[in-house]
Amino acid sequence: MILEDDLIYKIALSQIKGVGDITAKKLISHCGSAELVFTENKKSLASIASINKKTIDFINSAESLKRAEKEIKLMEKNNINHLFYTDKQCPNKLKLCTDSPINLYFKGNIDWNNQRFLSIVGTRKSTQFGKDYTQNLISELAKYYVVIVSGPAFGIDIAALKYEEKQEVGIYL
């Protein structure tokens with residue numbers, strides 16, 4: 001897995017407390033890149049709508065960069081790839097959404113614009129039956145080359161990802 005030089009800043013941007021995908025995109029638009037967000041002066045950051053002093057303090061602290069370093073080590077250990085929303089490989093359908101995630105994590109080679117995708121979202125307090133059903137459903141769909149998209153929440157989402165870890169492709173939000 002090849003990691004780009006500015007990956008730490010791209011991931012750190014999503015680790016800043018109080019900064020979601022829409023605000024992160026505003027920051028990048030204003031500053032020019034994810035890396036430049038972390039070097040921008042406070043006065044310039046304060047001129048951005050919806051950026052307050054508390055958010056600026058979080059941007060200037062090293063906490064989000066430390067968390068990003070841990071994330072990168074986890075990615076390397078588990079052979080997880082990364083795609084940033086400005087990358088040309090970013091799915092066309094996501095480019096149409098103002099609140100699309102800025103970071104996509106995935107395994108395998110994915111044709112982002114022609115592949116079959118299935119999102120798995122469920123309760124965090126699932127029964128064993130629900131977890132088993134989810135894994136059985138995904139195992140049946142695997143023969144149709146479906147890419148499973150899920151988040152890291154407990155319950156059904158984790159059940160989907162645990163099965164997906166055995167497969168060659170998957171997307172983790």
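Author: A residue counts as buried under 20% relative accessible area, as exposed over 50%, and as partly exposed in between (1.4 Å probe, protein chains only). The model is predicted, so local features need pLDDT of at least 70 and side-chain atom pairs pLDDT 80 or more, while totals for chains, interfaces and linings use all residues. Residues are numbered from 1 along each chain as its sequence is written, and side-chain values use heavy atoms, without hydrogens and water.

Reader: Which class does S50 fall into, and what value puts it there?
Author: S50 has 49% relative accessibility, so it counts as partly exposed. N79 carries a value of 49% as well and is also partly exposed.

Reader: Where do S50 and N79 lie?
Author: S50 is in the loop between α4 (42-46) and α5, and N79 is in the loop between α6 (63-78) and β1.

Reader: What makes β4 an enclosed strand?
Author: Strand β4 covers residues 146-150, and five of its five residues are buried, so the rest of the structure largely encloses it. Burial holds on both faces: V146, I148 and S150 are buried on one side, V147 and V149 on the other.

Reader: Which strand pairs with β4, and in what sense?
Author: β3 (residues 116-120) pairs with β4 in the parallel sense over five bridges; pairing requires at least two bridges found by DSSP. Within this pair, F117 stands opposite V147 in β4.

Reader: Why is the contact between D6 and K10 called a salt bridge?
Author: The term requires a side-chain nitrogen of Lys or Arg within 4 Å of a carboxyl oxygen of Asp or Glu. For D6 and K10 the N to O distance is 3.6 Å, so the pair qualifies. D6 is partly exposed at 25% relative accessible area, whereas K10 is buried at 9%.

Reader: Which other pair does K10 form?
Author: The side chain of K10 also meets that of D87, with N to O at 3.9 Å. This pair links distant parts of the chain: K10 sits in helix α1 (residues 7-13) and D87 in the loop between β1 (81-84) and α7 (92-95), 77 residues apart. D87 has a relative accessible area of 17% and is therefore buried.

Reader: How many salt bridges are there in the whole structure, and what is the arrangement?
Author: The search finds three. One of them joins K53 and D57, whose closest N and O atoms are 3.1 Å apart. These two residues are four apart in helix α5 (residues 53-60), which means a separation of about one helical turn. K53 is exposed at 61%, and D57 is partly exposed at 34%. Shared partners join D6, K10 and D87 into one salt-bridge network.

Reader: Which residues make the nonpolar surface patch?
Author: F129, Y133 and L137 form a nonpolar patch of about 360 Å². Y133 is in helix α8 (residues 128-141). Patch members have over 30% relative accessible area and no salt bridge; like charges are joined within 9 Å, nonpolar side chains (Val, Leu, Ile, Met, Phe, Trp, Tyr) within 5 Å.

Reader: What do the totals for the chain say about burial and contacts?
Author: Of its 173 residues, 40% count as buried. Among contacts (heavy atoms within 4.5 Å) between residues at least 6 apart in sequence, 62% join residues at least 24 apart. The chain exposes about 10500 Å², with 52% supplied by carbon and sulfur atoms; areas come from the Shrake-Rupley method with a 1.4 Å probe, and for residues only the protein chains shown count as cover.
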